[in-house]
Amino acid sequence: MTRNTRLSDAGRLGAAAAAVVVTLAAVLTTVTLMRAESAENPGSAAPLTGAGTPSTDSAALSGPVPPAHDPLPAAAPGRLSVPAIGLVSGSVIELGHTPTGVPEVPAEAMTVGWLSATNSPGERGAAVLTGYRDFAYERGAFYGLGKLAPGAEITVNRADGTAAVFTVYRVQTLPKDFALSAACAHSDHPDLRLLTASGRFGSAGTGTEATVVFARLTGVTA
């Protein structure tokens, strides 16, 4: 090997090492900025949990987070209405866990369920309602969920006779591996999350992505 060849190889190695350093610096800068943004915006939705949180694989439509109404006492949900997509569910069933510890999912396409391990809609914290986008070749209750936009209203009639009104501030499409943890992420405010059911956390459902709608309690009617 000649001296010029060795110098050429050394130059290529040096360039590759410099590229790695630049890449690592960019990653560390991005993480730092994300943490700073989270600290400066405590009213925003909690970050996703779990290793390998998606970034480029997810799509989100976000708007301003509205001021929260005072939290309500616990009361089971009884009816769900989302006028922007023509969704009216006359009843909401309670969903627990399977014997293996996996959250249950609705048994029919048009059924909406409440994950009872989460808060009830209107309480302080996150309440999660779930339904299918499609099921057994039938359009599901949450078929149009991805068409919602920030500012849309969601009304949940509760067992205590009150109607909790939520305002959407984010609509996010995620790989189904992450959707459940995103929907159940902690909140210090009375928040509602609507989640399209998938086969990831139940025995039924199709697709590799799920939609999560984030909304905050902004009003209450009797």
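# Exercises on side-chain contacts and strands

Asp-160 and Arg-158 are joined by a salt bridge whose closest N and O atoms are 2.7 Å apart. The model is predicted, and local features need pLDDT of at least 70, side-chain atom pairs count only at pLDDT 80 or more, and totals for chains, interfaces and linings use all residues. Residues are numbered from 1 along each chain as its sequence is written, and side-chain values use heavy atoms, with hydrogens and water left out.

**Exercise 1.** Determine whether Asp-160 is buried, partly exposed or exposed, and classify Arg-158 likewise.

*Solution.* Step 1: recall the cut-offs. Buried means under 20% relative accessible area, exposed means over 50%, and partly exposed lies in between (1.4 Å probe, protein chains only). Step 2: apply them to each residue. Asp-160 has a relative accessible area of 40%, so this residue is partly exposed. Arg-158 has 5% relative accessibility and therefore counts as buried.

**Exercise 2.** State how many salt bridges the model contains, and identify which residues form a network.

*Solution.* Step 1: apply the criterion, a side-chain nitrogen of Lys or Arg within 4 Å of a carboxyl oxygen of Asp or Glu. The count by this rule is 3 salt bridges. Step 2: examine Asp-191. Its salt bridge with Arg-193 has the closest N and O atoms 3.6 Å apart, and both residues are buried. Asp-191 also meets Arg-216 in a salt bridge, at 2.7 Å from N to O. Step 3: locate the partners. Because Asp-191 lies in strand 11 (residues 190-196) and Arg-216 in strand 12, this pair ties together parts that are 25 residues apart in sequence. Strands are DSSP runs (E, at least two residues), numbered from the N terminus. Both Asp-191 and Arg-216 are buried. Step 4: conclude. Salt bridges link Asp-191, Arg-193 and Arg-216 in a network.

**Exercise 3.** Classify the aromatic pair of Tyr-132 and Phe-135, then that of Tyr-169 and Phe-214.

*Solution.* Step 1: state the rule. Rings of Phe, Tyr and Trp (its six-membered ring) pair if their centres lie within 6.5 Å; planes under 30 degrees apart count as stacked, over 60 as edge-to-face and the rest as tilted. Step 3: Tyr-169 and Phe-214 are 6.4 Å apart, centre to centre, with 40° between the planes, and form a tilted pair. Since Tyr-169 belongs to strand 10 (residues 163-175) and Phe-214 to strand 12 (residues 209-221), the pair ties together parts 45 residues apart in sequence. Tyr-169 is buried at 2% relative accessibility, as is Phe-214 at 1%.

**Exercise 4.** Identify which ring lies under Arg-170.

*Solution.* Step 1: the criterion requires NZ of Lys or CZ of Arg within 6 Å of the ring centre and within 35 degrees of the ring normal. Step 2: Arg-170 lies over the face of Phe-214, at 4.7 Å from the ring centre. Arg-139 likewise lies over the face of Tyr-143, at 4.0 Å.

**Exercise 5.** Describe how strand 5 pairs with strand 4 and with strand 6.

*Solution.* Step 1: two strands pair if DSSP finds at least two bridges between them. Step 2: strand 4 (residues 92-95) runs parallel to strand 5, with 4 bridges, and Leu-95 stands opposite Leu-115. Step 3: strand 6 (residues 125-131) runs antiparallel to strand 5, with 2 bridges, and Leu-129 is the bridge partner of Trp-114.
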